[in-house]
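This report walks through salt bridges, surface charge and strand pairing. Please keep the sequence and the 3D view at hand while reading.

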Amino acid sequence: MNILVCIKAVPSSSEVNLDPETKTLIRSGIENVINPFDSYALELALRFKENHGGTITVLSMGIPDIKEILHHTYSLGVDKTILLTDRALAGADTLATSYSLSSAIKHIGDIDLILCGKQSTDGDTAQVGPEIAEFLNLPHLTYASDLKLASDKSYLVVKRRTSEKTQTIYIKLPALLTVVKGKFVPKLPTLEKYIQTLDKKVEIMTTKELELDSKRIGLDGSPTQVVNVYTPKNTNKNVVIKGTTDEKVDKLIEILNLQRSDN
Amino acid sequence: MHLITVFLPKDDDLLRDESRLSGNAESVAYPISTEEIVSIIKLNKSKITVQGNLTGLAGGAVPKGGLILNTTKMDKILSVDKKIVHCQPGVLLSDLTKYLDDKRLFFPPDPTEKSACIGGMVACNASGARTLKYGSIRPWVKYIKVVLANGEILELTRGENFAEDLSFELVTNEGSIIMGKLPDINMPEVKNAAGYYIKPDMDLIDLFIGSEGTLGIVSEVKLQVISKPSKIVAVTAFFESEEDALDYVSEVRKSEVDPAALEYFDENSLEMLRNERMQNPAFTELQELPENYFSAVYTEIHAKEKSEQNELLKLCSDYIRKNGGNPAHSWLAVNSTDLEQLRYFRHSTPEIVNLTIDKRKKIYPNLTKLGTDMAVPDEYLHQVMNLYHNDLKSANLEYVIFGHIGDNHLHVNILPRNYAEYSLGKALYLDWSNQLVSWGGTVSAEHGIGKFKREFLEIMYDKNSIESMKHLKLLFDPDNRLNPGNLFKAGDN
């Protein structure tokens, strides 16, 4: 089975700044890492390959600087990495991103399963995975935490874990899943694999190779724009209640009563 | 606002540090400047115990009556210029690290306890995992301002004041001359934090670093920092036997790999990590340990650029393979997320030990872990490990051995299951001290002597040497007011 994992490079630090003009993240000078949800997706792919064989291709869209992050996935056991990069793609929102990525996936071809992280830790939209599936006209499931090949090998058995419940769902291949944290801690690369793959190359893909509608990519192809980004004010207050146990209980009741009358 | 206040029950937390020793005090002061320390010392004629953030493991900051002078409000970083950071003693290591990180700077000594403060680190010549490459805090301290017991101030800049053989002379800012002779002692040639640092013709700033606050109160410090290494990577390699792991360490530490840190996990540590990972939700994020390996070594490598990093990793891989390890089962971290995973793995061992002891304390309230802090010269690494394992196995004690193996500085942590085992462990600790000192080792490589390990200092130095150290203290502190009970028994002078 050929698995394709979409990954995104996100800033490792939560203390990042925004460009005041474009309201997009200033990414220079900050260490980028694989979006944690994407690393769970990659871990599921690697474990699946361990059990069933096949190949893993990693695809990302971003600036050339993130090549190193893609290359790093070779040391985890990935077979091929592709970076879709082009100035024309800059400033894309989720729709333009998923349009571009789905075009790249069509171009790559022969993919049985696409795995994406549930969402990125910088954008937090959780839209790109499902949108890619729609563009490719594939069945998809969100919140996947584990997967197995069904005895009828044209299906996957997917464990789906949402905040309310866990479901087991059969999905026909080819398909797309967005992945949440499951029971597996993503494995670290091994020293041996790292050294063996030092000379492997990250394949670069640009808009030239893809038949893209120029009105549907980059900033121009993005119907949504970030107008403002701000940190919500935390209005919760911590109160330390002091005194004897009786005094503390009385005080607590008083506070709770006050809140009830406020509401 | 009064500088000195009466000790109240709310100050109770100031009576103990991480050694779990407990003391008492009559008054408390939180100075914010050198001038306030001088005023306090002149106002109050009682004994003074200087404190930082109370993270010490040897009871150095535990008061024995008198006044507590707590420096945690002296927490200002005053300036950074030409890679010299000028700061007050109460600055926390975590705050300093964050401050420097933003400027792409790096303070190489890496004491494990990030909430330790700079003053405390100077007082006990702190060290950590990266001491292997960068040394302890000592060489990085370029200047100190010290308030002496009489309220006069001494400023010492590295490279400016030297002893002549063992004779020395220092002049305070007020013009007083302190003349004397340094004790004639032989310090072990290993990483060491036990007793005063003394060498013929020494730089006299070194006398104060590691003196545990017994000679004066450090009120300002200048630290040398360096540019942050652009590549920090690490490998945790697993070995089938301890012998293999020790052979790897002996080779790699002398090689071009030039490890910044080499940290060890023995069979019991790995077993404990395996079990906790399966049973304790707090440790489920640990990496799955490969089976059939009985020891592990963490190797941290600093490089200037990627090509150098990769060459060093290849070399490291060769040494692992040559000594029976398998690079295919060796974890690698080349980015901050993965490095964090390896550090989490490394710090989990002492954390699990502490959790285990906390559980046992419910039945035996006075039980503590017994943690050693001894180091030996390179040639005794294999012997010291055999000594530990043989004695602990014959005594049927539960234990783990982990820590700074690059400096032959392993932490043996004994986990006594009852008071009888505690006594048994303590006796072993004393036996080992005698043996290790005879091999040219030290009884304390990084935690200091404080009040907890005074009997161990007496194993390292003979009576005359200790007497001459006490005389040295009296030269700076004639009434024995500063940190009484540290290094020597209180009232001994």
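In which helix do B:Glu271 and B:Arg274 both lie, and how many residues apart are they? Both belong to helix H7 of chain B, with a spacing of 3 residues, about one turn of the helix. The model is a predicted one.

The side chains of B:Glu271 and B:Arg274 meet in a salt bridge, 3.5 Å from N to O. B:Glu271 has a relative accessible area of 39% and is partly exposed. B:Arg274 has 15% and is buried, because buried means under 20%.

## A bridge between chains

Side chains of opposite charge can pair when their charged atoms come close. A search of the whole structure gives 32 salt bridges over all chains. One salt bridge joins B:Glu288 to A:Arg47, with the closest N and O atoms 3.9 Å apart. This pair crosses between chains. B:Glu288 sits in the loop between helix H7 (267-279) and strand E16 (295-303) of chain B. A:Arg47 is part of helix H1 (residues 36-52) of chain A.

A:Arg47 is buried, at 16%. The salt bridge cut-off is 4 Å, so the 3.9 Å pair counts. A:Arg47 and B:Glu288 also belong to a network of salt bridges that includes A:Glu43.

## A bridge between distant parts of chain A

A:Asp79 forms a salt bridge with A:Lys49, and the closest N and O atoms are 3.1 Å apart. The pair links distant parts of the chain, 30 residues apart. A:Asp79 lies in the loop between helix H2 (67-72) and strand E5 (80-84) of chain A. A:Lys49 lies in helix H1 of chain A. Both partners are partly exposed: A:Asp79 at 31%, A:Lys49 at 23% relative accessible area.

As for chain A as a whole, 6 helices and 11 strands are assigned. Its C-alpha atoms fill a box of roughly 70 × 50 × 40 Å along the principal axes. Of its 263 residues, 42% count as buried.

## Negative charge on chain B

Which residues make up the patch of negative charge on the surface? They are B:Glu164, B:Asp165, B:Glu169, B:Asp184 and B:Asp201. Take B:Asp165, found in the loop between strand E9 (153-157) and strand E10 (167-171) of chain B. B:Asp165 has a relative accessible area of 45%, so this residue is partly exposed.

## An enclosed strand in chain B

Why is strand E8 (residues 141-147) of chain B largely enclosed by the rest of the structure? Because 6 of its 7 residues are buried.

E8(B) pairs with two strands named here. With strand E12 (residues 217-224) of chain B, 6 bridges form, and the two run antiparallel. There B:Tyr143 stands opposite B:Lys222. With E9(B), the pairing is also antiparallel, over 5 bridges. B:Ile144 has B:Leu156 in E9(B) as bridge partner. E8(B) and E9(B) form a hairpin, with 5 residues between them. In the turn, B:Gly151 has a positive phi of about 90°.

Key. Residues numbered from 1 in each chain as written. Chains lettered and ligands numbered in written order. Predicted model: local features only at pLDDT ≥ 70, side-chain atom pairs only at ≥ 80, totals over all residues. Heavy atoms only, no water. Patch = residues over 30% accessible without salt bridge, like charges linked within 9 Å, V, L, I, M, F, W, Y side chains within 5 Å. Areas by Shrake-Rupley, 256 points an atom, 1.4 Å probe, with all protein chains shown as cover. Lys, Arg positive; Asp, Glu negative; His and termini not counted. Charge placed at Lys NZ, Arg CZ, Asp CG, Glu CD. Helix = DSSP H or I, 4+ residues; strand = E, 2+ residues; numbered from the N terminus. Buried < 20%, exposed > 50% of the residue type's maximum accessible area, 1.4 Å probe, protein only. Pairing = 2+ DSSP bridges.
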